[in-house]
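Me: I'm new to this one and would like a close look at a single part of it. Here it is:

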Amino acid sequence: MNDTPLLSVRGLTKRFGGLVAVNGIGFDIRPGEILGLIGPNGSGKSTAMKLIMGIERPNAGSVKVNGVEMAGWLPHRIARAGVGIVFQHSRPLHRQTVLEHIKLALLPDSLVKLVADPHVNRRAREIAERVGLSAVMHRHPATLPFADLRRMEMAKAIARDPKVVLVDEPFAGLTQTESQAFSDLIRGFRAEGRAVLLVDHNVKSLAALADRVLAMYLGEHVAEGTAEEVMRNETVRRVYLGGKIETRERTVQASSDKPSILEIDDVGVLYGKARALDGVKLHVREGEFVSVVGLNGAGKTTLFNAVSGLVPYHGTIRSAGQDIKGMSGAAIARAGIVQCPETRELFSDMTVRENLDLGGYHLANDARAEQLAWLFELFPILKSRQTQTARTLSGGEQQMLAIARALMMQPRLLILDEPTLGLAPVILEQLSKAMDKLQKTTPITVLLGEQNVTFALPHADRVYVLEHARIVWEGSPTRFEQEMAEGFLDAPPSTPTQAVRA
Amino acid sequence: MTALLRSRVVWAAALLAILATTLPWWLSGYILGVLTVAYYFGVFAMSWDLLFGFAGEVNFGPTFLIGLGAYSAAMLNAHWSAPIPVCVIAGGVVALIGGLLLAVPALRLRGPYFGLVTLVAVLLLQNAIVIFAGLTGGEIGMMVPDVISVDANHNYWIALAFLIVCAILLFGLSRSAIGLILQASGQDTVGAQALGFNVTKHKLAAFCISAVFSGVAGAMLVFYQGTASVSTVVDLGVGVQIIIAAVLGGRRTILGAVLGSVFLIVAGEFLRPLGQINTFVVAAVALAVILFFPDGLLGNLLRVRERE
Amino acid sequence: MLPLQILIDGFAISSLYALGAIGFTLIFGVSGVLNLAHGGVMLVAALMGWMLAGEAGLGTYLGTLLGIVCGMLAAYITYLMVVRPIQRSAAIPREEKEIFVLTGTLLWGIMIQQGMAYLFTDNPITMRPLIDGVMNLAGVRVPFNEIMIAGVCWVVIGLLWLFVNRTRAGKALLAASMNPRGLTLLGFELSRIYLLAWTLYGVLAGIAGVLLASFLGVSTNNTGQLTASAFSIVVLGGLGSVSGSLMAAYVVGYLETVTAYLIAPTLRPLPALLLLVLVVYVRPQGFLGRR
């Protein structure tokens, strides 16, 4: 194993309009080394991977493979120069068998070669065997389970004999055993002297596999080192967990006699073949503030989308005793279960006032005016920005608008999905204060999904921990602080199934 | 499995081809004439399927390429008395050039814009033909002095032979390594690029192949009918019929396009006595197919096999 | 007096084009559909209006009104029997839905065209003008009808603007064109919004159809050209931009009028087509296209 890096990235930058997705990222990967690139949603890790593969063109920076500068090349050139990628999802050809897919990867980029060379067939079989697909070589992708489809993607990458291998979310959607098998394949890459870049949401899944880890946040380099070093890094913990955890004294909640607003029983969700939720059991009572805590990719958004009727699921979800499966998303929202999603879904070219008015569309005129006045009191900054278009607001203001708009519907249950994502600490303070006021002045019931434990804990009556598609812990915030806090970032996956990011 | 499948489809096709050869001995000249047109139509549809089903590009104006081939062959023959084979080859060449001129910039466009450009190309050609009526005969069309043959049987066999040759070439291409690359390029562009394939280059090649076959078939059709007119070879409606034929037969099957064409042309002829309403009926049937059987005839058959 | 004639005629035809194009853009913006049966919808309104006014003896005013209603019905059928089934079909993969909708509406347009030709006539028809008489505008003879048409178009466009920007239902429609998921989360049933959009579209196309019938006349043979014109205008202006469509309608309208008067009437559609090709290659998002 020599010391000159196989993949060398410097100052990689990508802008999408006004948004800087990747800002000056740099790292080296030596032959026979595995680097893990981690970050929450919006951190820029996926974009960085696309930039290396040429799927997006960088605005600045250099990407060198074996000393050859490739930044700005077309993806097929980069592929032919020795960079391979294993996609998380791909669109297989339905009329072709697994073997034919692998053969495809072995073909040269020729316009005239009608028949593949004889060795292609033999080589394809060898590769199929290596990844464990020899039993299903002649079957069509539609008949295969998710794990085999991922193996097929692996096989296609292996076929290209790349010097550098990029792997997108290696274990998403795989069971424990399947993940082990996959890890072995990746270790095989390392043994063959290739440079491997693994991209994932969190450190835990990569800890056993990666030699080194680089953490990203909002497009920037936040920490680098071994997996343990990165997990203990202060900035990483702050960015992922929100810093020191403190619980506040919650005033009385004898809510066990209050009626249940939401009952989730044994709910599971499949995205195609990948399992995103498994046997989730959760309940929320009237007036409660329940926090579901979990890292990116654990399944929080999937859970909320199931409740909001936006995604099909197995199991039962009841609201006030009534089964809500089969109700349209809009009907569920009108029934009082309102979600403020992670992506906010604002009407960007409409003003703040117009967005809020649409939230209050179904109310009578005076009720709407009253609600609006109350919300302007809760979020004074929205009042002063009434006539501005949503697009021009800052991230924090947009989040407040999204929450306010949801509140315009006078929900019985407000679902908040990662409201703090990408926001500065100062804004978090404001949001936290608003949440406080909301709790103290209204009988609202809230279901909050957060990665930022510091934000999630102080308001909560009860806490659930969602990890890799399952609920692994349930209890009060104080107990959470005692039992879970330390190991939140460190605990190895204790459940068989890992989650897939929607 | 696929090899087996292939031989089933291929054997069935071979059988049909042999059957088709025998038809002149027991069908009237009139029906043979209809089938002759259907066979040329079949080549139009197969070319379209190669571009759509394989390269994933929707050509809303296949009649642009067909028209180029047809009219250039017609003009060469009528104004410069070139022999038929030369005209036909020239038709193919002109269609190829036209196709390249259209495709090189058009392939850079995303989404509906590519289809839109192909649509506009047909309209532009129509207008050009009308403007230069001196050379082209304008809206009325032009007669060509030479025809392939005056005998219905001869015309039929030549059309059939042409169809079979084109089918073998196009089907063979679709099943070859290049066909595989084309499919990947059309269905998952990023994935294909990540495997090292210059997707633009391959799509352009698919467009050129489609252009050549369309142009040559268009020229052949002119020398069969003895006339070239806007309403037969440069019409948007005809273009739509080609798309329908390919979809009816089954996208991405190539051979299905032939089935679809034969059905469409024969059905259209069958319904002719109904008068104007026949186009309506054909369009209605096609719409029904799109809504209820989007995979088409052969597509459904192949799907069933896959499940086994 | 030719320039003035061109100015006035161009204005009238452009206004008419604008009405049709705005309807087309509306449906694209909200429903995501490029309705290639657009000419067919206009045709239904025009022919039914003509038939009811003349043959059925209901008189011009009632005929016109009913014609518009028929246009609306044609739009509904287009949505409910062609577009929606394709959009909801599980058998068609998501990436190909757009193409299938395009082909489906194209086919449906052909069906309307042939059906109408069969049921009524394929000869060009004109409707009796709603207002008879001619006025003299600075030396140019302009039929009152022409002025009325331009006026009606602008009134309707104005009403539409008011609806979209000042009423709650209109804003919901606008929001649907920006973020349908956002609306669902706020409790709006998208299916109802789509129905509203297609209703509006039907009315707009219907009015454009009957007015065209009384101005220039309409023929089943021109159905494709009507769709092509609307299509070109909308692309020129920018898919999804209503103000873009408005601008482009005037550009195309005047280009056509100038060509017809100064070059040759048969070459009428040509400059617009050439402009379209130019725009698609140089600036595919059109004059004011968003995204």
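Could you take me through chain C and what it touches, starting with this: how many residues of chain A are in contact with how many residues of chain C?

Reply: Happy to. Keep in mind that this is a predicted model. On your question, the count is 19 residues of chain A in contact with 14 residues of chain C. On the chain A side, two helices each supply at least two of the touching residues: helix 11 (329-334) and helix 12 (352-359). Helix 11 of chain A gives the most to that side, with four residues. Sort the chain A residues that touch chain C by kind and you get nine nonpolar, six polar and four charged.

Now for chain C itself. Chain C has 11 helices and two strands. Walk along its sequence and the pattern reads α-α-α-α-β-β-α-α-α-α-α-α-α. The radius of gyration of chain C is 19 Å, close to the 19 Å that the globule rule gives for 291 residues, so chain C is as compact as a globular protein of that length. If you boxed up its C-alpha atoms along the principal axes, you'd need roughly 60 × 45 × 35 Å. Of the 291 residues in chain C, 54% are buried. As for who meets whom inside the chain, take the contacts with a separation of 6 or more: 75% of them are between residues 24 or more positions apart.

From helix 5 of chain B, the residues taking part are B:Tyr113, B:Leu116, B:Val117, B:Val120, B:Leu123, B:Leu124 and B:Asn127. Across from them, helix 11 of chain C brings C:Leu270, C:Leu273, C:Leu276, C:Val277 and C:Val280. Sorted by kind, the residues of this helix contact come out as 11 nonpolar, one polar and no charged.

One last stop is the largest nonpolar core, which has 365 residues. The residues with the most contacts inside that core are B:Tyr40 and C:Leu16. Leaving out residues up to four places away in sequence, B:Tyr40 touches B:Ala159, B:Ala217, B:Met220, B:Leu221 and B:Tyr224.

How values were computed
Residues numbered from 1 in each chain as written. Chains lettered and ligands numbered in written order. Predicted model: local features only at pLDDT ≥ 70, side-chain atom pairs only at ≥ 80, totals over all residues. Core = buried A, V, L, I, M, F, W, Y, C linked by C-beta atoms within 7 Å. Buried ≥ 20, exposed ≤ 12 C-beta atoms within 10 Å, placed from the backbone. Contact = placed C-beta atoms within 7 Å. Rg over C-alpha atoms; globule rule 2.2 N^0.38 Å. Nonpolar A, V, L, I, M, F, W, Y, C, P; charged D, E, K, R; others polar.
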